[in-house]
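Q: Can we go through this model together? I'd like to start with the aromatic rings.

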Amino acid sequence: MASTLGVLEALLRNPGAIATKLEVKQLLKALLKRPGAITSASEAKQLHAQILKHNPSSPLYTSTAICVYSNFKLLNQSLLLFKTLQSPPSLAYKSIIKCYAVNGRFVESLASFVDMRASGNTPDHSVFPSVLKACAFLVDVDKGREIHGYVIRYGFDKDLYVASSLINMYSRCARVEDSIRVFKITRQRDTISWNSVIAGCVQNGMFDEGLRLFRQMLKDNVIPGSVSFSSIMPACAHLTTLNLGKQLHGYIMRCGFDDNVFISSSLVDMYAKCGHIRTAGWIFGGIKGRDMVSWTAMIMGCALHGYAEDAISLFEQMKLEGIRPNHVAITAILTACSHAGMIDEGRRYFDRMTEEYGIRPGLEHYAAMADLYSRKGKLNDAYQLISTMTTPTGTIWSLLLSACRVHKNVDLAEKVASKIFEVDPENIGARVLLSNIYANDGRWKEAAKVRMTMRNMGIRKNPACSWIEVKNKIHTFIADDKSHPLHDEINIALCELQEKMELAGYVADTSEVLHDVDDEQKKYLLYGHSERRAIAFGIMSTPAGTTIRVIKNIRICVDCHTAIKLISKIVGREIVVRDNSRFHHFRDGECSCGEYW
């Protein structure tokens, strides 16, 4: 091999040199075993020139040239050569299938695989990763299963690289159970297969399962790499498991991956979503060679925490550093404007996104602008904007319906609800909102009618829940739920807080208690809201001065917002609540949202 590579080096140093026919033949045989010996597209072309000088019609020589070209994604050159072959051998087919796949031509890649089988050529293990990649990107699970059948038929189901490709294909097609099933029967698992199954779980919302598999990987003494950490960090962000995120951060530092821009970006995102925006900013400040992902993670973090001016400053700085915003960055800056009520700035970014950045507004951009108009009370502007969309979804109409509740616009709410039910008849949230809007307006018959329709359709409202992490354990609370082992102690703590709040001037706001009951019963219902129970438990279970962090699955109500401001002052703690819209940082009787949420 060494002497053969010497011939290659001599040819590359002197493009005009002509190798003997024997030398070229030996060289091609060597390249079949080690195609990486050609290190650039120009070298590939010089090799092809030598082939043409000796035997341009040889299927073996031509196939080898196709193979080398495919390594450099040179599709046009590969296709020209492939079309010269009357009966392409297996090597030519494998190379063209791969070349189509790496160039994003997935339909053609699968078609070439079909042609390969029809021609009588038997695929080997190196073909299947390419065709499975095509199935994954086309999200064609039926074709993927068909390919899986061929894999088993030809006996490659135990091949590690093929198995990893199968895991990735099923994950991309949202068939995580099949992905896990393939993983379990893979005898020899490497970091790639572990990463594939973990990433598949996380990307499909199975965060707990992803974390379980990551722990199992560590137990099996598989050393995680940079991709492993980038795959698992989003699970911590979505589950808001701050303590686990901190443990992973420590592991990352010990492994020496803390200077990896992808991992650092994941850490920024995790800390921001877990309520630690200052830590996210500290990590972001230390990233060298920040890319679009890291910038966007920090901008969105600032947006969710209500620091709109910081988000805008970062966005403008990103542009100054030569990074052109993509559609995610535009969504982040529009979200920042929405959470701060900066309507002029939001309009400016939305109106210029196509002209300045070549980005056509997508659903997420319309949603952010509709949210901005709605929060600001400009409901008609939001309605007109959504109406300009080609196919507005039930989700984007629901943003406006929620605003109709806040601003008590029943007439527009009925109009918007009809739009939602046209495109999404079983939209649970919209029916609940409409019922609440009627109840808030004292129209109990209409509210009851909506609830009856829901029951007849078999639709049930998801209960309001709050979560808090204490000593590495997640505690879940539902309003008036008595299942927690410290239920009685929590009630006592709530009563004590209630007394102190009333001494401080607290008066319950029952306007959002949408039940046809008397005022005393309404007050009782408010006192049992899930976030209050979670906060009381957090105060009981953590040392004085510890920040309390609570997650809530719906919008925090006005009365709870007022109550938590008072609680933060009474107990002398920062209380961070993340509802389904944004973060609220309560400190010394004030909230970071400035009463705008």
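**Rings, pocket and loops**

A: Ring pairs link a cluster made of Phe113, Phe128, Tyr150, Tyr154 and Phe156. Rings of Phe, Tyr and Trp (its six-membered ring) pair if their centres lie within 6.5 Å; planes under 30 degrees apart count as stacked, over 60 as edge-to-face and the rest as tilted.

Q: What kind of model is this, and what are the ground rules?
A: This is a predicted model, where local features need pLDDT of at least 70, side-chain atom pairs count only at pLDDT 80 or more, and totals for chains, interfaces and linings use all residues. Numbering runs from 1 along each chain as its sequence is written, and side-chain values use heavy atoms, with hydrogens and water left out.

Q: How many aromatic pairs does the structure hold?
A: The structure holds 16 aromatic pairs. Take Phe350 and Tyr366: the pair is edge-to-face because the ring centres are 5.5 Å apart and the planes stand at 70°.

Q: Where do Phe350 and Tyr366 sit in the chain?
A: Phe350 is in helix α21 (residues 343–357) and Tyr366 in helix α22 (residues 363–375), 16 residues apart. Helices here are DSSP runs (H or I, at least four residues), strands likewise (E, at least two), numbered from the N terminus.

Q: Is Phe350 buried or exposed?
A: Phe350 counts as buried, at 12% relative accessibility. Tyr366 is buried too, at 18%. Buried means under 20% relative accessible area, exposed over 50%, partly exposed in between (1.4 Å probe, protein chains only).

Q: What about Phe477 and Phe537?
A: That aromatic pair is tilted, with 5.7 Å centre to centre and 50° between the planes. Phe477 lies in strand β2 and Phe537 in helix α30 (residues 530–541), so the pair ties together parts 60 residues apart in sequence. Phe477 is buried, with a relative accessible area of 3%. Phe537 also counts as buried, at 3%.

Q: What does β2 pair with?
A: β1 and β2 (residues 473–478) pair in the antiparallel sense over 6 bridges. Strands pair if DSSP finds at least two bridges between them. The partner of Glu469 is Ile474 in β2. The hairpin has 2 residues between the strands, and Lys471 there takes a positive phi near 55°.

Q: Switching to the second largest pocket. What is its volume?
A: The second largest pocket has a volume of about 570 Å³. On a 1 Å grid over the protein atoms alone, a pocket is an open set of points where a 1.4 Å probe fits, with protein on both sides within 12 Å along at least five of seven lines; lining residues have an atom within 4 Å of a point. Points are joined across faces, edges and corners, and the volume is the space filled by probe spheres set on them.

Q: Which residues lie nearest its centre?
A: Thr240, Leu242, Ile468, Glu469 and Arg549, out of 25 lining residues. β1 gives the largest share of the lining, 4 residues.

Q: Last one. Which loop holds Lys408?
A: Lys408 lies in the loop between α24 (394–406) and α25 (410–423). Lys408 has a positive phi of about 55° although it is not a glycine. At 57% relative accessibility, Lys408 counts as exposed.
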